[in-house]
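Here are a few notes to read alongside the model, written for someone meeting it for the first time. Please keep the 3D view open as you go.

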Amino acid sequence: MAKETVIETDILVLGGGVAGCTAAIKSKEQGLNVTLVDKAYVGKSGTTAAAGMRFSFFSEEHGDNYEQVYKMFTESGVSDRNWVEICIKESWDAFKTLHSWGVPFPVENEEEGIFVPKGIDSPFNAARIIRRGVPPPLREKALEVGVNIMDRITVTDLLMNNGRVVGAVGFPMEELETLVFKAKATILCTGSWSLRTVGAETHNMTGDGHAMAYRVGAELTGGDMHGSHHGNAAYPSWRGGRAARAIYRRFIDAEGNVIPYGFETGFEVDLAFHDGKGPIYHDLDAATDEEIERVWQRQQNSDGMESARINFDPRNRGKHKITGGQDCVVGAGLWPADLYCATTVTGLYAAGDTLSIRGAGFGGIPTGFIMGNRASKGAADYIANLKDYMIDDAEIARATKSMLEPYENKSGFDPRWITQLLLNTMTPYYVLMIQRGDRLQAALTMVEFFRDHFAPQLYATDPHELRLAHEVKNMILGSELALRSCLFREESRGGHYREDFPETDNPGWLAWTKIKQENGKMKLWKQPVPNEWLPEQYRK
Ligand SMILES: Cc1cc2nc3c(=O)[nH]c(=O)nc-3n(C[C@H](O)[C@H](O)[C@H](O)COP(=O)(O)OP(=O)(O)OC[C@H]3O[C@@H](n4cnc5c(N)ncnc54)[C@H](O)[C@@H]3O)c2cc1C
């Protein structure tokens, strides 16, 4: 029987990236007792550490026009207009606050100063950020205001009482013990739901928070929208090259034809692979001297160390073979119940990549800050009106038993092996990038088998393996959710492309896919975009 330690706190923040740190700092500044828990190390982990391109923002001072930016965000027809407005209005404050907390924004071009003009690699005004540069000042600021930071603790389940979230259970990496967190409000900031894909820098993001919330009945959305990024084929696990590919986006097929490619992610490259036009190259030979100089500057501030290791220097130009569709970030997030990051479960708040504001933001860092800030206000208001909160022992016993189950199993399946099987099943481009009903169904059949046969029989011999076991269980759930959501949306739109339904179906699908657990099963339904947000021709 593992030792049990109880930690009591007003606000429990799970995950210490930009959203979690902001939520913790802002909660603490309201005079609350705050505990911030991370399965890795606050100040180093999460995709906040991976972000290294830009901090986009809206500022009239810098020539932005509200109507123009609002139009850009709402064009898809399926973004949440309330959140679009919030993100536009609060992104500049996010920048100034992070700057005042010591987050570095480098100058790469003397004429431009700290800000990059629109069009270089983004449709918005932006400041440059440094890869691995954002999180350390956030940790320092959190410690300075008195947040209780607990690193290397994997949280596995939320604790419930009378339909309310009242804390969570977890265990440390060093020596197995049960940690019971009793909290008046919990803010989930555990990042995105990815599948531990090579080189994607989301290897730590196994959707733990999404899965915990799903298990207590929260509603989720966006399992049908995915991002496709491309890696370097010679060095698929090289965590560099993004600077070059993000700033300079010329991709050519094996015959030298240019593949038209939009801003950020898109399916054009995956489609070229699918059509048999590979290998596909990132073509630095065609770049101008000025473009090469920008790429080089960015690389110095972004992934210089990794690039030097493999001898990649953009000034040498060349045509570089790329991989297709390896990223596999499941676009799902919790459904916000209000504009202060409440979820559909009482006492549970979420921010950053864990909450879905349906494409409304400028990008993860500004949006993570904005949501973390709002979640701290929502949670503080909730606590102010909370009469009592209790956890009964049976609930702690249930969550602890489930947490330790793989450790109690003396035989079964190694989580590493199941992770590999899941990667093989889910990450080829033809599953979530270029989708088709029969292939989605084939993958789902295998994932259901993993869920029913492997997940209950995972075994772990130490805390590290115990963490891997929980992570793969959550990734299986994320895979099921993504596949079901993709099957459900019978059209193509944004980050969702169905070969068997290639057209955008506006009358039928100006809607979000929502998911929740009901009677032990995954229930999906369509939530139409509010009538007043629809393009005029589709309004009722
Ligand atoms: C390669 C890459 C480049 C990017 N570049 C940019 C960019 O240039 N500009 C931009 O604006 N955005 C960028 N983004 C997006 C942005 O980085 C993210 O959207 C943002 O950092 C997410 O912040 P977060 O706080 O929600 O989560 P994260 O920073 O991912 O933090 C989540 C934390 O939760 C912890 N955690 C997870 N599960 C548990 C658990 N069970 N128990 C305890 N702790 C847990 C993790 O260890 C992690 O520290 C990029 C993303 C990637 C992957």
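1. Start with Ser45, where a polar atom of the side chain lies 3.1 Å from the backbone oxygen of Tyr41. This is a predicted model, so please read each distance here as a computed value. The side chain of Ser45 also makes a polar contact of 3.4 Å with the side chain of Asp38. You will find Ser45 in the loop between β2 (34-37) and α2.

2. Is Ser45 buried or exposed? Its relative accessibility is 10%, and because buried means under 20%, Ser45 counts as buried. Setting aside neighbours within four places in sequence, Ser45 is in contact with Asp38, Ala40 and Asn204.

3. Now turn to the ligand. A polar side-chain atom of Ser45 lies 2.8 Å from one of the ligand's oxygen atoms. The backbone takes part too: a polar backbone atom of Thr47 is 2.8 Å from an oxygen atom of the ligand, and a backbone N or O atom of Ala19 lies 3.0 Å from a ligand oxygen. Taken alone, the ligand exposes 1,000 Å², of which the protein buries 92%.

4. What makes up the shell around the ligand? There are 39 residues surrounding the ligand, and the closest are Asp38, Ser45, Thr48, Arg54 and Asp208. By class, 16 are nonpolar, 16 are polar and seven are charged.

5. On packing, nonpolar side chains tend to be buried together in soluble globular proteins. Here the largest nonpolar core has 114 residues, and Phe55, Ile187 and Leu483 have the most contacts inside it. A second, separate core has 15 residues, including Val166, Val169, Leu404 and Leu466. Beyond four places in sequence, Phe55 touches residues including Phe95, Leu98, Phe105, Ile129 and Ile365.

6. Finally, visit Thr427, in the loop between α13 (415-426) and α14 (429-432). The side chain of Thr427 reaches the backbone oxygen of Leu423 at 2.6 Å. With 16% relative accessibility, Thr427 counts as buried.

How values were computed. Residues numbered from 1 in each chain as written. Predicted model: local features only at pLDDT ≥ 70, side-chain atom pairs only at ≥ 80, totals over all residues. Heavy atoms only, no water. Near = heavy atom within 4 Å. Polar contact = N/O pair within 3.5 Å; in protein donor to acceptor, adjacent residues only side chain to side chain. Areas by Shrake-Rupley, 256 points an atom, 1.4 Å probe, with all protein chains shown as cover. Nonpolar A, V, L, I, M, F, W, Y, C, P; charged D, E, K, R; others polar. Core = buried A, V, L, I, M, F, W, Y, C linked by side-chain atoms within 4.5 Å. Buried < 20%, exposed > 50% of the residue type's maximum accessible area, 1.4 Å probe, protein only. Contact = heavy atoms within 4.5 Å. Helix = DSSP H or I, 4+ residues; strand = E, 2+ residues; numbered from the N terminus.
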